[in-house]
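Student: Could you take me through a model step by step, giving the general idea of each feature before the particular case?

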Amino acid sequence: MTPRLPVLDNSNLLERTYAILKERIIKRQFDPRRKLSIPDIAEQLNVSRTPVRDAINRLEVEGLVITKPKVGTYIVPIDEELITSAIDTRMMIDLWVIRKLPECPAERFGKAIECMRAILDEAETAYRQQPHAYHEKDYNLNFHLAFIRSTGNTVLERIYLSAMNYRLPVTKPELVKGDEVKTALDQHREMLKSFAERDYAKLESSILEHLDDSKNRIIQKIQSNGGSI
C-alpha cells in the first residue's frame with residue numbers, strides 16, 4: 001500500500017506540493033507507471049486542485065510524469081532509453097565544463113577543489129561506517145554538482161539536476177551491487193586528482209570512463225528488474 005501524503009498547511013502551497021510529489025516519485029514511493037489522481041492528491045495534502053495541477057505540470061517539464069490526453073497523468077518509468085539519454089546529457093555537460101575550466105578564476109577553482117575533496121572524504125568515511133549512507137546522503141550528486149558549479153553557471157546546474165532525476169530509484173538497497181559504491185568513490189578520487197592538477201585530458205578520460213560504467217551498471221539493473229524501474 002502506498003503511504004498517504006502528509007497534510008500541508010496554507011503556506012507556499014505550490015512549492016511544497018511540488019517538493020513532496022517529486023520526492024515521492026524519485027524515491028519510488030509512487031510506483032512507476034502509476035496514474036496520479038489530482039483530486040486524491042489534493043484531498044490527502046489538504047489543498048485545492050490548483051497547486052497539485054501546477055506541480056504536476058512542473059514535474060512533466062522535468063520528465064518525471066507524462067500526461068496522456070483524455071487518459072490521465074502517469075509516473076514515467078526509468079528504462080534503458082531514458083538512462084541512455086540522461087547519461088548522454090550528463091556527458092555533454094561535463095565535457096563542456098572541462099572546456100571552460102581554463103577560464104575559471106583561481107579563487108573559484110580552489111573552492112571547487114576544496115568542496116569536492118570535502119565531499120569525497122566525508123563520503124568515504126560514511127561508506128566505511130554504513131555503505132547505504134552513500135546513496136541516502138546523496139554524496140554522488142553533491143560531488144558532481146561541486147564540479148558543475150566550478151563554472152558559476154546556475155542554468156547549467158538546473159539542467160544537470162534534471163538529468164540526475166533518475167539517480168535515487170536505481171540506488172535502492174536491493175539493486176546496489178557490492179562493489180558499486182567503492183568503484184564510484186575510486187573513480188571520483190581519480191577525477192578530483194586530474195581536476196586539481198589541471199590535467200584536462202586525463203579528467204576527460206576519467207569522466208567518460210565513470211559515466212560509461214554508470215550507464216552499464218544501471219542498464220543491467222533495469223534489465224534484471226524486468227525492463228524498467
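Tutor: What follows is a reading of this predicted model, taken in turn through its sheet, its cores, a helix pair and some single residues.

Student: Let us begin with the sheet: in what order do its strands lie, and with what kind of pairing?

Tutor: As a general idea, strands of a sheet pair through backbone hydrogen bonds, and the pairing is either parallel or antiparallel. In this model there is an open sheet of 3 strands in the order β1-β3-β2, with antiparallel pairing. β1 and β2 stand at the edges with a single partner strand each, so one side of each has no neighbour in the sheet.

Student: How many bridges join β3 to β1, and how many join β3 to β2?

Tutor: Strand β1, residues 35–36, pairs with β3 over 2 bridges in the antiparallel sense, and here K35 stands opposite Y74 of β3. Strand β2, residues 65–68, pairs with β3 over 4 bridges, again in the antiparallel sense; V65 stands opposite I75, while K68 has G72 as its bridge partner in β3. The β2 and β3 strands form a hairpin with 3 residues between them, and K70 in that turn has a positive phi of about 65°.

Student: Which residues of β3 point one way and which the other, and are they buried or exposed?

Tutor: In β3, which covers residues 72–75, G72 and Y74 point one way whereas T73 and I75 point the other way, and all of them are buried.

Student: Which helix lies across these strands, and at what angle does it run to β2?

Tutor: Helix α3, residues 49–61, lies across β1, β2 and β3, and its direction makes an angle of about 110° with β2.

Student: Turning to the cores, which residues of the largest nonpolar core touch the most other members?

Tutor: To read a core, one asks which members are best connected and then which elements supply them. The largest nonpolar core has 46 residues, and those touching the most other members are I83, F147, Y166, F195 and L203. The elements that give two or more residues to this core are α4 (80–100), α5 (106–129), α6 (133–136), α7 (139–148), α8 (154–163), α9 (180–196) and α10 (200–224), and α5 gives the most, with 9 residues. Taking Y166 as a case, and not counting residues up to four places away in sequence, Y166 touches I78, I83, A86, I87, R90 and I218. There is also a second, separate core of 22 residues, which includes I20, L36, I41 and L64.

Student: For a helix pair, how do the axes of α4 and α10 cross, and what does the contact between them contain?

Tutor: One reads the axes before the side chains. The axes of α4 and α10 come within 10 Å and cross at roughly 170°, and the two helices are therefore roughly antiparallel to each other. Among the residues that meet in this contact are E80, I83, I87, R90 and D94 in α4, and L203, E204, I207, K215 and I218 in α10. The residues of the contact divide into 13 nonpolar, 2 polar and 6 charged.

Student: How accessible is S85, and how far is the C-alpha atom of S85 from that of A163?

Tutor: S85 lies in helix α4 and counts as partly exposed, at 41% relative accessibility. The C-alpha atoms of S85 and A163 are separated by 8.6 Å, although the two residues are 78 residues apart along the chain.

Methods:
Residues are numbered from 1 along each chain as its sequence is written. This is a predicted model: local features need pLDDT of at least 70, side-chain atom pairs count only at pLDDT 80 or more; totals for chains, interfaces and linings use all residues. Side-chain values use heavy atoms; hydrogens and water are left out. Buried means under 20% relative accessible area, exposed over 50%, partly exposed in between (1.4 Å probe, protein chains only). Two strands pair if DSSP finds at least two bridges between them. A nonpolar core is a set of buried Ala, Val, Leu, Ile, Met, Phe, Trp, Tyr and Cys residues joined through side-chain atoms within 4.5 Å. Contact means heavy atoms within 4.5 Å. Axes are lines fitted to C-alpha atoms, for helices over the stretch in contact, and angles run from 0 to 180 degrees between N-to-C directions. Angles under 35 degrees count as roughly parallel, over 145 as roughly antiparallel, 65 to 115 as roughly perpendicular and the rest as oblique. Ala, Val, Leu, Ile, Met, Phe, Trp, Tyr, Cys and Pro count as nonpolar, Asp, Glu, Lys and Arg as charged, and the others, Gly among them, as polar.
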